[in-house]
Amino acid sequence: MTVQAPAPTPTAAAPATRPLLQVTNLKKHFPIRRGVFQRVVGHVRAVDDVSFHINPGETLGLVGESGCGKTTVGRTLLRLIEPTAGEIAFEGRDVRALSGGQLRQLRRDMQIVFQDPYGSLNPRMTIRAIVEEGLIIHGLGNRKERLEKVIDTLEDVGLDPTYINRYPHEFSGGQRQRICVARALALNPKFMVLDEPISALDVSIQSQIINLFTELRRKHNLTYLFISHDLSVVEYISDRVAVMYLGELVETGTSRELYHHAIHPYTKALLSSVPKMTPGKKPERIVLPGDVPSPSRPPPGCRFHPRCPLAIDICKVESPRETIVDGHMFRCHVMEQQLKSPASKK
């Protein structure tokens with residue numbers, strides 16, 4: 001058996017290569033319909049002008065509050081939801097331009113693990129049928145070869161192959177999520193969207209599933225988009241982290257840089273909520289005022305300004321541009337001015 005090279009880690013940068021996934025100005029607006037004739041009276045801007053890339057073998061963590069658009073980004077990449085605008089390139093191919101057999105072929109390389117291990121499994125299908133379904137759809141192997149693949153995949157995710165004739169209701173939540181992982185892994189994908197894959201599990205099981213993802217990434221040279229609101233988990237598993245607020249990316253950087261040298265005030269507020277085990281030192285908690293605005297009526301200027309403790313006049317009228325410092329991107333008028341000031345250069 002060929003041993004594949006391990007995936008790059010945050011402490012050892014990989015050689016410069018073409019991104020496996022390149023997302024440019026991605027938008028997804030859901031129409032709001034009212035009245036007898038269901039006329040469109042507005043739009044929910046779930047994802048609004050989002051750009052990022054993921055390199056081969058890398059894990060990009062996507063974090064933010066509930067409702068910020070994280071899941072919509074993940075599903076739009078796979079075209080489970082059709083994007084409103086923007087470009088999605090996978091290995092240089094325009095994902096939005098594909099259809100029919102080309103799109104089906106692409107989906108062998110791009111898989112997803114959903115958040116709910118209960119609702120995402122068909123209760124009428126055996127485990128063998130669930131894991132084998134993708135192989136049948138894509139016409140891979142004969143019956144014997146597919147059975148061997150199912151057995152190998154179940155062993156890969158830590159399940160006893162003798163379970164193949166059981167049904168989902170006979171398994172615990174953690175085991176069900178392993179089945180979901182096996183279903184996605186059976187097609188030998190290159191890229192996987194992990195949509196809050198541990199949020200529905202007991203705390204005692206979460207670490208096991210995270211370690212499983214880490215092992216599978218190393219063994220199969222997988223690339224992940226890891227969507228979560230658990231900042232501690234994201235720090236552990238991710239090479240880079242992107243922070244999302246109200247449909248926009250406000251900061252991206254390496255896991256080490258972002259967690260220890262966050263720039264955007266929203267990122268700092270999120271990180272302050274993570275429990276810290278520092279004896280004798282009470283962590284500073286940043287409490288943001290107000291609620292997250294509606295994505296159907298986002299505020300003008302910087303979308304974070306109604307809750308930002310640093311907001312100035314320009315924040316209320318002008319949307320901040322992307323500022324990149326040593327590969328660390330952020331959108332903030334105040335921090336941009338501070339970094340440009342003579343005092344910050346001393």
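These are my notebook entries on a predicted model, written as I looked things up.

**Entry: the sheet**

I started with the strands. Eight of them make an open sheet, and I read the order as β6-β7-β8-β3-β9-β10-β12-β11, with mixed pairing. At the edges I found β6 (110–113) and β11 (323–325), each of which pairs on one side only.

Then I looked at the β11 end. Strand β12 (residues 328–330) runs antiparallel to β11, and three bridges join the two. I picked out I324 and found that its bridge partner in β12 is M329.

**Entry: strand β9**

How many residues of β9 are buried? I got six of its six, so I wrote the strand down as mostly covered. R240, A242 and M244 point one way, V241, V243 and Y245 point the other way, and all are buried.

Next I went through the partners of β9. Strand β3 (residues 59–63) runs parallel to β9, with four bridges joining them. In this pair I noted V63 standing opposite V243. With β10, β9 runs antiparallel, and there I noted six bridges. M244 has L249 in β10 as its bridge partner. β9 and β10 form a hairpin with two residues between the strands, and in that hairpin L246 takes a positive phi near 50 degrees.

I wanted to know where S238 sits. I found it in the loop between α7 (231–237) and β9 (240–245). Is S238 buried or exposed? Its relative accessible area is 2%, under the 20% limit, so I put it down as buried.

What does the side chain of S238 reach? I found the backbone oxygen of V234 at 2.9 Å. I also noted a polar atom of the S238 side chain 3.4 Å from the backbone nitrogen of G61.

**Entry: helix α9 and L270**

Helix α9 (residues 265–272) lies across β9 and β10 (248–254), and I noted that it runs at about 105 degrees to β9. I followed L270, which lies in this helix. The relative accessible area of L270 is 15%, which is under 20%, so L270 also goes down as buried.

Which residues does L270 touch, leaving aside its neighbours within four places in sequence? I listed G64, E65, L231 and V243. V243 had already turned up in my notes as the residue opposite V63. I also looked up I286: it is 16 residues from L270 in sequence and 8.1 Å from it in space, C-alpha to C-alpha.

**Entry: helices α3 and α5**

I turned to a helix pair here. The axes of α3 (residues 127–137) and α5 (residues 173–185) come within 7 Å and cross at roughly 30 degrees. That angle is under 35 degrees, so I call α3 roughly parallel to α5.

Which residues meet? From α3 I have I127, I130 and V131, and from α5 I have I179, A182 and R183. Sorted by class, this contact has five nonpolar, no polar and one charged residues.

**Entry: helix α1**

Last, I checked how covered α1 (residues 70–77) is. I found six of its eight residues buried, so it is mostly covered. The buried ones are K70, T72, V73, G74, T76 and L77. After α1 comes R79, and I noted its positive phi, near 60 degrees.

Terms used. Residues numbered from 1 in each chain as written. Predicted model: local features only at pLDDT ≥ 70, side-chain atom pairs only at ≥ 80, totals over all residues. Heavy atoms only, no water. Buried < 20%, exposed > 50% of the residue type's maximum accessible area, 1.4 Å probe, protein only. Polar contact = N/O pair within 3.5 Å; in protein donor to acceptor, adjacent residues only side chain to side chain. Pairing = 2+ DSSP bridges. Contact = heavy atoms within 4.5 Å. Axes fitted to C-alpha atoms, helices over the stretch in contact; angles between N-to-C directions. Parallel < 35°, antiparallel > 145°, perpendicular 65-115°, else oblique. Nonpolar A, V, L, I, M, F, W, Y, C, P; charged D, E, K, R; others polar.
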